[in-house]
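Subject: Structure handover

Hello,

Here is the structure I promised to pass on. Please open it alongside this note; my findings follow below.

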Amino acid sequence: MRDTLVLNASYEPLSTVSLRRAVVLVMQDKAVVEQEHPGLRVRAAGVDMAVPQVVRLCRYVRVPFRQRAPWSRRGVLVRDQRRCAYCGRRATTVDHVVPRSRGGADSWMNTVAACARDNQRKADRTPEEAGMRLLSRPFEPTPGAALMLALGVDVEELPPWLASAAA
Ligand SMILES: [Zn+2]
């Protein structure tokens, strides 16, 4: 997998992201290419560009997310690619694994994307109590994913050809 270095608008290195994410940043006018890979190109419907080795953000971003991405419902849906953690179907809601009514936190490690049906079914219970199994464990977003979240770039909005490329 080929990673691209992302610089802040101030040229300060922020993070590396996958090629797929780097291309999206450029396509959505969030970043400009500072350095291209000699001889390598990304080619697909409507896109023909050199593989970016280094991109620079068009707008300066503050960088608290370098340590930790701030939790958000939208961020959980993006992190889980809008797939329900219980059934794998399309998710539109965020479920607290340990319910908030039982002291469960608004945190990356306690929340998962869930379809409305499973969220209602689980209600104020833990997965064990509800007899529901998590298909995957919640996790902290990687620095690259945190950067995309901070920039408001939804990786799910990727063109299909990119979505099927390296993650
Ligand atoms: Zn579901």
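In the protein chain, 61% of the contacts with a separation of 6 or more are between residues 24 or more positions apart. Please keep in mind that this is a predicted model.

Overall make-up

The protein chain has 167 residues, and buried residues make up 32% of them. It holds 6 helices and 6 strands. Read from the N terminus, the order of elements is β-β-α-β-β-α-β-β-α-α-α-α.

The sheet

Start with the open sheet of 4 strands. Its order is β2-β1-β4-β3, with mixed pairing. β2 and β3 are the edge strands, and each of them pairs on one side only. On average, neighbouring strands here are turned by 35 degrees against each other, direction ignored.

Now the pairings, one by one.

- β1 and β2: antiparallel, over 5 bridges. T4 stands opposite V17 in β2. The hairpin of these two strands has 5 residues between them, and Y11 in that hairpin takes a positive phi near 75 degrees.
- β1 and β4: parallel, joined by 3 bridges, with β1 covering residues 3-7 and β4 residues 47-57. L5 has V54 in β4 as its bridge partner. L7 stands opposite R56 in β4.
- β3 and β4: antiparallel, joined by 9 bridges, with β3 covering residues 31-44. Q35 stands opposite V54 in β4. E36 stands opposite P52 in β4.

V54 is worth a look. In β4 it is the bridge partner of L5, and Q35 also stands opposite it.

T4 and V6 form the covered one. D3, L5 and L7 form the uncovered one.

α1 lies across β1, β2, β3 and β4. Its run is at about 90 degrees to β4. α5 packs on the sheet too, touching β1 and β2. The direction of α5 makes about 105 degrees with that of β2.

How covered is α1? Mostly: 7 of its 9 residues are buried. Those are L19, R20, R21, A22, V23, V24 and L25. Note that R20 and R21 are in that buried set.

Is D29 buried or exposed? It counts as exposed, because it has 8 C-beta neighbours inside 10 Å. D29 and L57 are 28 residues apart in sequence, yet their C-alpha atoms are 8.8 Å apart in space.

L40 lies in strand β3. Why does L40 count as exposed? It has 12 C-beta neighbours inside 10 Å, and a residue is exposed if that number is 12 or fewer. Leaving aside neighbours within four places in sequence, L40 is in contact with A50 and V51. L40 and P52 are 12 residues apart in sequence and 8.9 Å apart in space, C-alpha to C-alpha.

The nonpolar core

Nonpolar side chains tend to be buried together in soluble globular proteins. Here the largest nonpolar core has 33 residues. Which of them touch the most other members? They are V6, C84, A113, A114, L147 and L149.

Several elements give two or more residues to this core: β2 (13-18), α1 (19-27), β3, β4, α2 (73-79), β6 (111-114) and α5 (143-150). α5 gives the most, with 6 residues. At least three residues come from each of domain 1 (3-65 + 142-163) and domain 2 (71-130).

V6 is on the covered face of β1. A114 touches C84, A85, Y86, A91, T93, V94, D95 and N119, not counting residues up to four places away in sequence. C84 is itself among the core residues that touch the most other members.

Where to look in the viewer

Begin with the sheet, in the order β2-β1-β4-β3. From α5, go on to the core, to which α5 gives 6 residues. Finish with A114 and its contacts, including C84 and N119.

Best wishes

Definitions and conventions. Residues numbered from 1 in each chain as written. Predicted model: local features only at pLDDT ≥ 70, side-chain atom pairs only at ≥ 80, totals over all residues. Pairing = 2+ DSSP bridges. Buried ≥ 20, exposed ≤ 12 C-beta atoms within 10 Å, placed from the backbone. Contact = placed C-beta atoms within 7 Å. Core = buried A, V, L, I, M, F, W, Y, C linked by C-beta atoms within 7 Å. Domains from an automatic or database assignment. Axes fitted to C-alpha atoms, helices over the stretch in contact; angles between N-to-C directions.
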